[in-house]
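Student: Could you walk me through reading side-chain contacts and pockets in a structure like this one?

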Amino acid sequence: MDIERYLRDHIRTVPDWPEPGIQFRDITPLLQDPKVFRVLIDSFVHRYMDPALRPTVVAGLDARGFIIGSVLAYELALGFVPIRKKGKLPFTTVEETYELEYGSATVELHTDAVKPGDRVLLIDDLIATGGTMMAGKKLLEKLGAIVTEGAAIVDLPELGGSARLKAAGLPLFTLLDFAGH
């Protein structure tokens, strides 16, 4: 089975959403079909079972990174750490603000979410501009964790996020990209 093609065939492109000219890559069809969802999760599980790549914890970015990250953590018998939008976590937090195309956003992490030296896999559904993943990386590093890799289902390389993340020293793994679309 060509896993990349199989997964790509289950990503819906919604033209002109949320605004004209945007080709939104909707991953919900990947989650709706149990066989496709299993193939998706197993693609990550097989990679991170490798002792050289195995993290000690999985961190997921709000919100779709929670879906993939929590199931991946469960399958790897690891803990899961949510990185949430500001104001959603009930305990003491650290925060990181990052720039969006129009304005800024802030994400938070509980101060006891990771320990110094933890090897963290940081995961989201896709990489666009890279701002959210970069903010998540900075948060984890503030607490002394080592972000071993950033992972996503989809890379949108034309938006420059993956190049920025790699230039900042974050190794990346994605299952497919939508270059030139």
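Tutor: Gladly. Let us start with K115, an exposed residue whose relative accessible area is 54%. Keep in mind throughout that this is a predicted model.

Student: Which residue does K115 form a salt bridge with?

Tutor: In general, side chains of opposite charge can pair when their charged atoms come close. Here the partner of K115 is D118, and their closest N and O atoms are 4.0 Å apart. D118 counts as buried, at 12% relative accessibility, whereas K115 is exposed.

Student: How many salt bridges does the structure hold?

Tutor: There are 13. One of them joins the side chains of R8 and E4, with 3.0 Å from N to O. Another joins R5 and D9, with 3.2 Å from N to O; R5 is partly exposed, at 43% relative accessibility.

Student: Why are R8 and E4 about one helical turn apart?

Tutor: Look at their positions in helix 1, residues 3-8: R8 and E4 are separated by about one helical turn because they are four residues apart in that helix. As for accessibility, R8 is buried, with a relative accessible area of 14%, while E4 counts as partly exposed at 38%.

Student: Which ring does the charged end of R8 sit over?

Tutor: The ring of F178: the charged end of R8 lies 4.7 Å from the ring centre.

Student: Are Y48 and F173 buried or exposed?

Tutor: Y48 is buried, with a relative accessible area of 1%, and F173 is buried too, at 17%. Another edge-to-face pair is formed by F66 and F80, with 6.2 Å centre to centre and 80° between the planes. That pair also links distant parts of the chain: F66 is in helix 4 (residues 64-75) and F80 in strand 4 (residues 79-85), 14 residues apart. F66 counts as buried at 18% relative accessibility, but F80 counts as partly exposed at 27%.

Student: Which residues form one aromatic cluster?

Tutor: F44, Y48 and F173 do.

Student: And the largest pocket: which residues lie nearest its centre?

Tutor: For a pocket, look at its space, then its lining. The largest pocket holds about 1,200 Å³ of space. Its lining has 34 residues, and L126, A128, T129, L156 and L159 lie nearest the centre.

Student: Which element gives the most to that lining?

Tutor: Strand 7, with four residues. Strand 2 (23-26), strand 5 (93-100), strand 7 (119-127) and helix 5 (131-142) each supply at least two residues. By residue class, the lining divides into 17 nonpolar, seven polar and 10 charged.

Notes. Residues are numbered from 1 along each chain as its sequence is written. This is a predicted model: local features need pLDDT of at least 70, side-chain atom pairs count only at pLDDT 80 or more; totals for chains, interfaces and linings use all residues. Side-chain values use heavy atoms; hydrogens and water are left out. Buried means under 20% relative accessible area, exposed over 50%, partly exposed in between (1.4 Å probe, protein chains only). On a 1 Å grid over the protein atoms alone, a cavity is a set of points where a 1.4 Å probe fits but cannot get out, and a pocket is an open set with protein on both sides within 12 Å along at least five of seven lines; lining residues have an atom within 4 Å of a point. Grid points are joined across faces, edges and corners, and a volume is the space filled by probe spheres set on the points. Ala, Val, Leu, Ile, Met, Phe, Trp, Tyr, Cys and Pro count as nonpolar, Asp, Glu, Lys and Arg as charged, and the others, Gly among them, as polar. Rings of Phe, Tyr and Trp (its six-membered ring) pair if their centres lie within 6.5 Å; planes under 30 degrees apart count as stacked, over 60 as edge-to-face and the rest as tilted. A charge sits over a ring if NZ of Lys or CZ of Arg is within 6 Å of the ring centre and within 35 degrees of the ring normal.
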